[in-house]
Amino acid sequence: MEFRPINRASGTFQQSVTADEIQQVFRRVFGAGARVAAAVELGAGMYNNVYRVTVAGQERPVILRVAPEPARQFRSERQLMRNEYASVPYLAAIAPLMPQVIAADWSHEVIGRDWMVQSLLDGVPAPERLGDYPRTAWPAFFRQLGSITRSVHDVGGPHFGPVDGPEYATWSETVITSLEEIAADLDSAGLDAADVRKVAAVAAHESAVLDEVTEPKLLTGDLWTVNALMDPAAPEPVITGVLDFDRCLFGDPAADWTIRMATAKEDERTAFWEPYGALDHSPAAVWRARVYEARHLGAIRLERHRLAKTDAVGESYGAMAEVLAGLT
């Protein structure tokens, strides 16, 4: 077996499984006689360990994704892979763009971590391909992203909160709980969480504004350029696949990471809004957007800490102070 893991320091968040563990996974998936010919770890993801695996006798390689050990997971990011698996039926509108789940195992009988085997999608990561086109061609990419996001946001849900739960009766409870969990995670990481708690307190005091959102809609959670694949040979940008819906939840579409990124700059990405439609710019919607930005900044702070980007962690406090000033 050719095994090419990414070499990391022992204390880093992502830790590779072993060649023997990968072999055991694929014996469970394809039977006791299955033999892994090659497993190459891919470095694009920042949470799960991801491998392109070639199994003898199978026509195409497949993808193995392995979740972090349970003890390494933040409470605000717990069991994300299980949440993604639960999201698949709700993402049927974009199924042709998504990898198919071949097998998933939460039992920890093979290895002590959740894992999922998925089909390998054609295409190359958008950050590697989009820059090959002149910027005048980029709006085509963002129009497609807007259309995909619209299809997801049109899907209604049975409750507020992560698809796999916990379930919440109101949007305010969902948002406030998320902020409180992020603050607790920052505490456990030895980081100052006072600003996140202030946002949670403001959100609790003004919960009626959040609860103007009464219909839970499906949010992608994390969709942007890094989660899109493109046709490597097309004469203009063509999205061939979308990945990593582990942070899907039901709530206000304006709270989605995708919307945050689409509104971040006035450049080629403004084409996103042509198929997506206009945002609500009422005073209440603008106030909610500030709360959502605070939630994003708290999650970004945690991710930067996980990636040991100390300077970037510090920068998040200034950005959060600006958001708080607009909320109070």
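**Figure 1. Contacts of F142 in the predicted model.** Leaving aside residues up to four places away in sequence, F142 touches L130, W224, T225, E268, R269, A271 and F272; contact denotes heavy atoms within 4.5 Å. The model is predicted, with pLDDT of at least 70 required for local features and 80 or more for side-chain atom pairs, whereas totals for chains, interfaces and linings use all residues. Residues are numbered from 1 along each chain as its sequence is written, and side-chain values use heavy atoms, without hydrogens and water.

**Figure 2. The largest nonpolar core and a separate core.** The largest nonpolar core comprises 71 residues, of which F141, F142, W171, V242 and F272 touch the most other members. Helix α10 (residues 283–306) gives the most to this core, with 8 residues. Another core, of 17 residues, lies apart from it and includes V62, V66, I111 and W115. A nonpolar core is a set of buried Ala, Val, Leu, Ile, Met, Phe, Trp, Tyr and Cys residues joined through side-chain atoms within 4.5 Å, where buried means under 20% relative accessible area (exposed, over 50%; partly exposed, in between; 1.4 Å probe, protein chains only).

Figure 3. Six strands with mixed pairing follow the order β1-β2-β3-β4-β6-β5. The edge strands, β1 (2–4) and β5 (101–105), each pair on one side only. Pairing requires at least two DSSP bridges between two strands; helices (H or I, at least four residues) and strands (E, at least two) are DSSP runs, numbered from the N terminus. β5 pairs with β6 (residues 115–119) in the antiparallel sense over 4 bridges, and A103 has V117 in β6 as its bridge partner.
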